[in-house]
Structure formats: C-alpha cells, structure tokens
Amino acid sequence: MSTEMSMGGTVADGPRGTDPADGLLAALRAAVGPAHLLVDAGARAAYETDWTGRFAGTALAVVRPAGTDEVVAVLRACAAHATPVVPRGGGTGLVGGAVPLGGEVVLSLERLDHVGPVDVAGGSVVVGAGATLAAVDRSAADHGLAVGVDLASRDSATIGGMVATDAGGVRVIAHGPMRRQVLGLEAVLADGSVLRRIPGLAKDGTGYALPELLAGSEGTLAVVTAVHLRLVPRPVATTVLLLGCADVADALGRVAAARRAGTVLAAELVRDRGVRMVHQHAGVPLPLPEPLPPLLLLLELDGDPDRAGRADALAALVGDRPAAIAADVADARRLWAVRERHTEAVQRLGTPTKLDVTVPPAAMAEVLAEVDRIAPDAVVFGHIGDASLHVNLLDAPPGLDEQVLRLVAAHGGSIAAEHGIGVAKAHLVHLTRDDADVAAMRAVKRALDPTGLLNPGKVLPPDPPGS
Ligand code: 2HG
Ligand code: ZN
C-alpha cells in the first residue's frame, strides 16, 4: 500500500457545514499566533514559489513558528488533520524543493534565526535553522573564522535550508559541502518528537549518524530546527585571478597546478558567452579584452598577492595565457562578479531550467562538447574545482533537460550536485541510483515518516502502484 498522503488531503472532522480545514487553521493559529499564520493569497505568495519562479503551487496556509516547540505543535496539528507540510528556508532553492504542490502547509523556519556564541577554541557555533549564511558568517568573522560553505545567495539562504539541500557553493574544493560542516543538529520528526544531536563531538561512534542522514534529505525526513556548525579559519588575505584557458583539459591542468602550489579556496569556470551575457545583462565589465578566450578560470588562492615568492608562482601558473590578477579587494570583487552574477543575468533572459550536475573530471570535456551539441544555447558555468557544472537551459523544448541528465548519468556523473532533487528531478532519481538504492531510501522515508507528512513529491518519486 502506498505510504504517500494524498496532496492536500484533510480529514473532515468538523461539524456538518464547516470547512474541514477550519479545525487545522485554528490549531495552527493556536500554535504560532495569529500574526504568523498566513492564509491570504497575497501574504502566502512569497512562500509559494522557488527563486526562479519555475516552480509554484498553492498552499493551504503558511506558518512561521518562533521556536522548536512551535514547530512541534505545527507538525502535530498537521498530522492530526492529515495535511502535509513543506519546510522552507530562505526561498533561494532552484529545484522546487520548498514549494507546495497544492494544499500543504508551508512551514517557514525564518524566525528561528538565532546565532549562538562562537566557540572560538573549538571552532564552531550553534545556530537556528533560519539564520542566514551571511549573518552566521559575520559572527564567525569577528573571531577570525568563517563558515566553510559560501554561495552567491548568502544574504537570503538559511543554514537549515543549506543543510537540507546539502548545499555546495564556491568553497567545496577547500572545505567540502554543507554536510561536512554539520557537527550536530536538532530536528523535529514527523511524529513531533525532537531529535537532539547537537553536542557535535569530534568523535562519536554510537550508532547511526542521523545528522548526516538528514543533511541532503530536503525536508522529507524531518524538519531541521538548529545546527551545530563547524567553522574554518578565515583567510587573512587571498589572491584572486581570472585566467583564460584554451579548453577543459587546460583549465583542469591549471587547477591541479594551483593545488600543488598551495591552498586553493575556489576554482570556478565560466565561458566567453556567459561572460558577455553577464556584461550585457548585469552590467559587469569584461574582465579581459575581446576576443575572450573560450574558457575563463577564476582561482582564489590563500595568501596575498604580495607575499614572498607569489609573483613567480603566479607567473608560472599563468604562463602565456591572458589573465587578470586582482590588485585589491575591490578588484577581486569585480572578478568574482563575473562568475557570481551568472544566475542573475540568466534570469533576466527568461525562466531557465536549471540543471546542476557533477561529472568525473576525465569526462568533463566530452560532456561539455555533447551538451553544446544537443543544447547549443545553454549557459554553462560552474565549480570546476569539484567537477560540477550548472547547465541553464532557456526556452528548452520538452525532454531536453532529461536528455542532458541522461548524458551526465551515462558518463558516471550525478544529476544533482548541490541544489538537491526537489520536485524537478524526483522522477529521474533512478538515473543515478539503482533499485536497491531507491528501495533503501524509501524504507528510510517510511520508517521516519510513515504517513508521508513531510514534503511529499520531493526527492523520491511516488511509490509504485501496488507497493
Ligand atoms: C551558483 O553556483 C549557484 O552560482 C547557482 O549554484 C547556479 O544559477 C545556477 O544555475
Ligand atoms: Zn553552484
């Protein structure tokens, strides 16, 4: 029998003639207070779409609890009324993971935004799920520390959402993705019980690693309410450069050379036409004169450009390639804008279909060539340091997205590198996870959320009929 709850299903438990949703709304109002229960379409709208606007749905209501106890009360009320819940962070998702499909209660974690005191000796901090990356990073910066993950949407993206999607960003090459920053967490399970794995001991071998399981589960297994985050040393100074490369092999070779020479904090790839797009649609100056090289590699290296020996090392790294080396912080920001403002520039051209993939480095050149063949207008850029690429399709004919993902899967890659599966790719999980894998994931889902209360329709395709 299917464990999925029908979308928007509510139990008609009210007296004759009353709307069955009224009982749930009254319970939610009691749980979070009237000011934080949003039922009007206008008030709900900002919580019903993803960042691109490609995915949107209608919620029964939006709730904004103030703390873990209120999250518990919300989940209990929704469970009692058989109404599914969509947990939501900063709304910066790109695959519809935090968007209602129809009739759910959207549970916004935005008010759980406390940032605890930084443990300077241990290099960590406990924060609420709704704290933004920028707020936590500012707090860490006061102590010479930083969050190990950084991304362009830092002002809005929340730590809870980043854990739920196992966000990546531009520092994965140095510190790994979000999952690796999680020392512990607190989460509310579908039955309202609270999982507290906050202590974050460096070593803890007592059984299943539940925080790691929840990282990347996109709100389908539990609602993350607080996170104990590892912090990393904040670089005192860095060197940022943009290097023209002839092809993928050349760019990968430069990344490897930079790694041999020292600590690489970021290695990002953009292409000539993407750079022109950012110039034209986001007003970012061209970083190199025309004609631009086909590929441009942005490197951020630990240590400042004037340190002893750096000039020679940079000269060796650059060789005879065209390059722009940032002379100061403002310059570095300008070079970073060329890369970071791709998302904004693409959005100005239309609503893109965003594909976010990893490929084995050895297959990257071939995958890129194939993508160019089947989707010549795609805007491709990404994190070459961890072999992940963002393929943005504009005006894509039906099926083109799946064609690109099948290509990636055929080359041994992943169809979801760092944005999650959401609703966009739930039907394609089988491309890179085999039957046993999917069955194990379904078993975990059933064990933790037997009635399908949490974020139905996301990550896993619906149970096959008759199961
Ligand atoms: C980035 O790396 C983000 O900038 C967004 O992951 C990627 O817009 C995209 O496709
Ligand atoms: Zn990215």
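**Exercise 1. The shell of ligand 1**

What is the distance from a polar side-chain atom of Glu-418 to an oxygen atom of ligand 1? Describe the surroundings of the ligand as well.

Solution. 

Step 1. The model is a predicted one. In it, an oxygen atom of ligand 1 and a polar side-chain atom of Glu-418 are 3.1 Å apart.

Step 2. Determine how far the protein covers the ligand. Ligand 1 on its own exposes 290 Å², and 89% of that is buried by the protein.

Step 3. Find the elements that supply the shell. Two or more residues come from each of β15 (379-383) and β16 (388-393).

Step 4. List the neighbours. Around ligand 1 stand Leu-94, Arg-339, Thr-343, Lys-354, Phe-381, His-383, His-390, Asn-392, Glu-418 and His-419.

Step 5. Sort them by class. The shell consists of two nonpolar, five polar and three charged residues.

Step 6. A side-chain N or O atom of His-383 is 3.0 Å from an oxygen atom of ligand 1. For His-390, a polar side-chain atom is 3.0 Å from an oxygen atom of the ligand.

**Exercise 2. The zinc site**

Which residues are the protein donors of the zinc ion (ligand 2)? Give their spacing in sequence.

Solution. 

Step 1. Identify the donor atoms. The protein donors are NE2 of His-383, NE2 of His-390 and OE of Glu-418. They lie 1.9 to 2.1 Å from the zinc ion.

Step 2. Read the spacing. The donor residues follow the pattern H-x6-H-x27-E.

Step 3. Compare with the shell of ligand 1. That shell includes His-383, His-390 and Glu-418, and these residues are the protein donors of the zinc ion.

Step 4. Check the burial of the histidines. Both His-383 and His-390 are buried.

**Exercise 3. Salt bridges between parts of the chain**

How many salt bridges does the structure hold?

Solution. 

Step 1. Take the total. There are 20 salt bridges in the structure.

Step 2. Look at the first pair. Arg-321 and Asp-250 form a salt bridge in which the closest N and O atoms are 2.9 Å apart.

Step 3. Assign the exposure classes. Buried means under 20% relative accessible area. Asp-250 has 17% relative accessibility and therefore counts as buried. Arg-321, with 22%, counts as partly exposed.

Step 4. Turn to the second pair. Asp-372 forms a salt bridge with Arg-273, and the closest N and O atoms are 3.4 Å apart. This pair links distant parts of the chain, 99 residues apart: Asp-372 belongs to helix α13 (residues 364-374) and Arg-273 to helix α9 (residues 272-282).

Step 5. Classify these two residues. Asp-372 is partly exposed at 25% relative accessible area, and Arg-273 is partly exposed at 36%.

**Exercise 4. A buried pair and a network**

Are Lys-445 and Asp-449 buried or exposed? Name a network of salt bridges too.

Solution. 

Step 1. Lys-445 and Asp-449 form a salt bridge, with 2.7 Å between the closest N and O atoms.

Step 2. Check both partners. Lys-445 and Asp-449 are buried.

Step 3. Name the network. Salt bridges link Asp-150, Arg-154 and Glu-340 in a network.

**Exercise 5. Backbone geometry**

Which peptide bond is cis, with omega near -5°?

Solution. 

Step 1. Find the cis bond. The peptide bond from Glu-290 to Pro-291 is cis. Pro-291 sits in the loop between α9 and β12 (295-302).

Step 2. Take Asp-166. Its phi is near 50°, a positive value in a residue other than glycine. Asp-166 occupies the loop between α5 (159-165) and α6 (172-175). At 12% relative accessibility, Asp-166 counts as buried.

Step 3. Take Asn-455. Here phi is near 45°, again positive in a residue other than glycine. Asn-455 lies in the segment after α15 (435-448). With 1% relative accessibility, Asn-455 counts as buried.

Note on methods:
Residues numbered from 1 in each chain as written. Chains lettered and ligands numbered in written order. Predicted model: local features only at pLDDT ≥ 70, side-chain atom pairs only at ≥ 80, totals over all residues. Heavy atoms only, no water. Near = heavy atom within 4 Å. Polar contact = N/O pair within 3.5 Å; in protein donor to acceptor, adjacent residues only side chain to side chain. Areas by Shrake-Rupley, 256 points an atom, 1.4 Å probe, with all protein chains shown as cover. Helix = DSSP H or I, 4+ residues; strand = E, 2+ residues; numbered from the N terminus. Nonpolar A, V, L, I, M, F, W, Y, C, P; charged D, E, K, R; others polar. Donors = N, O, S within 2.8 Å, 3.2 Å for Na, K, Ca; no water. Buried < 20%, exposed > 50% of the residue type's maximum accessible area, 1.4 Å probe, protein only. Salt bridge = Lys/Arg side-chain N within 4 Å of Asp/Glu carboxyl O.
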